[in-house]
Amino acid sequence: MTNHGFAASQEDARTPKSVYCFSVHAAAEPDVMPRVLELFAKRNLVPASWHSTVADGNRGFEELQIDIQVQQLETKVAEHIARCLRQVVHVNTVLTSEKGYSNSALSA
């Protein structure tokens, strides 16, 4: 009899871990940050890193720049979150990237 839980944990141990990065550029409005965070919270995800800055935008308006990193996120979920972020009111741009780590770097 196969212990599927054990087999799954072995597969997870062999799978390189990755970090998904989201860069959100939006109008500097007070309701943007909670709307962005809500998309992670309702999926029971806590970002490993969150950094936000208000900077001068391209058109003379202040722009809110949010950089978020989430560990061990499935690609389909990350892509769905990015699509949802692009639909948030006042969000202008959403950029995504994935940081992967080799097995040798993980064992160090």
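## Val94 and its surroundings

Leaving aside neighbours within four places in sequence, which residues is Val94 in contact with? They are Ser23, Val24, Ala82, Leu85 and Arg86. The model is a predicted one. Val94 lies in strand S4. Its relative accessible area is 7%, under the 20% cut-off, so Val94 counts as buried. Along the chain, Val94 and Arg83 are 11 residues apart. Their C-alpha atoms are separated by 8.5 Å.

## The sheet

The sheet is open and has 4 strands. Their order is S2-S3-S1-S4, and the pairing is antiparallel. S2 and S4 are the edge strands, each pairing on one side only. On average, neighbouring strands are turned by 15° against each other, direction ignored.

S2 (49-56) and S3 (62-71) are joined by 8 bridges and run antiparallel. His51 stands opposite Asp67 in S3.

## Helices on the sheet

H2 packs on the sheet and touches S1, S2 and S3. The direction of H2 makes about 15° with that of S3. H3 lies across S1 and S4. It runs at about 5° to S1.

H2 spans residues 32-41, and its buried residues include Val32, Val36, Leu39 and Phe40. Seen down the axis of H2, the buried residues fall within an arc of 100°, so they line one face of the helix. What covers them includes strands S1 (18-27), S2 and S3, as well as helix H3 (75-86).

## The nonpolar core

The largest nonpolar core has 22 residues. Phe22, Val36, Phe40, Leu73 and Leu85 have the most contacts inside it. The elements giving two or more residues to this core are S1, H2, S3, H3 and S4 (91-100). H3 gives the most, with 5 residues.

What does Leu85 touch, not counting residues up to four places away in sequence? Its contacts are Phe22, Val24, Val36, Leu39, Phe40, Val91 and Val94. Among these, Val36, Leu39 and Phe40 are buried residues of H2. Val94 belongs to S4.

## The aromatic pair

How many aromatic pairs does a search of the whole structure find? It finds 1. A pair of aromatic rings is described by the distance of the centres and the angle of the planes. The ring centres of Phe22 and Phe40 are 5.4 Å apart, and the planes stand at 75°. That angle is over 60 degrees, so the pair is edge-to-face.

The pair links distant parts of the chain. Phe22 sits in strand S1 and Phe40 in helix H2, 18 residues apart. Phe22 is buried, at 2% relative accessible area. Phe40 has 0% relative accessibility and also counts as buried.

## Val70 in strand S3

Val70 has its place in strand S3. Is Val70 buried or exposed? Its relative accessible area is 2%, under the 20% cut-off, so Val70 is buried.

Not counting residues up to four places away in sequence, Val70 touches Ser18, Val19, Tyr20, Phe22, Phe40, Pro47 and Ala48. Both members of the aromatic pair, Phe22 and Phe40, are thus on the contact list of Val70. Val70 and Val19 are 51 residues apart along the chain. Their C-alpha atoms are separated by 5.6 Å.

Note on methods
Residues numbered from 1 in each chain as written. Predicted model: local features only at pLDDT ≥ 70, side-chain atom pairs only at ≥ 80, totals over all residues. Heavy atoms only, no water. Buried < 20%, exposed > 50% of the residue type's maximum accessible area, 1.4 Å probe, protein only. Arc of directions from axis to C-beta. Contact = heavy atoms within 4.5 Å. Core = buried A, V, L, I, M, F, W, Y, C linked by side-chain atoms within 4.5 Å. Phe/Tyr/Trp six-rings, centres within 6.5 Å; stacked < 30°, edge-to-face > 60°. Pairing = 2+ DSSP bridges. Axes fitted to C-alpha atoms, helices over the stretch in contact; angles between N-to-C directions.
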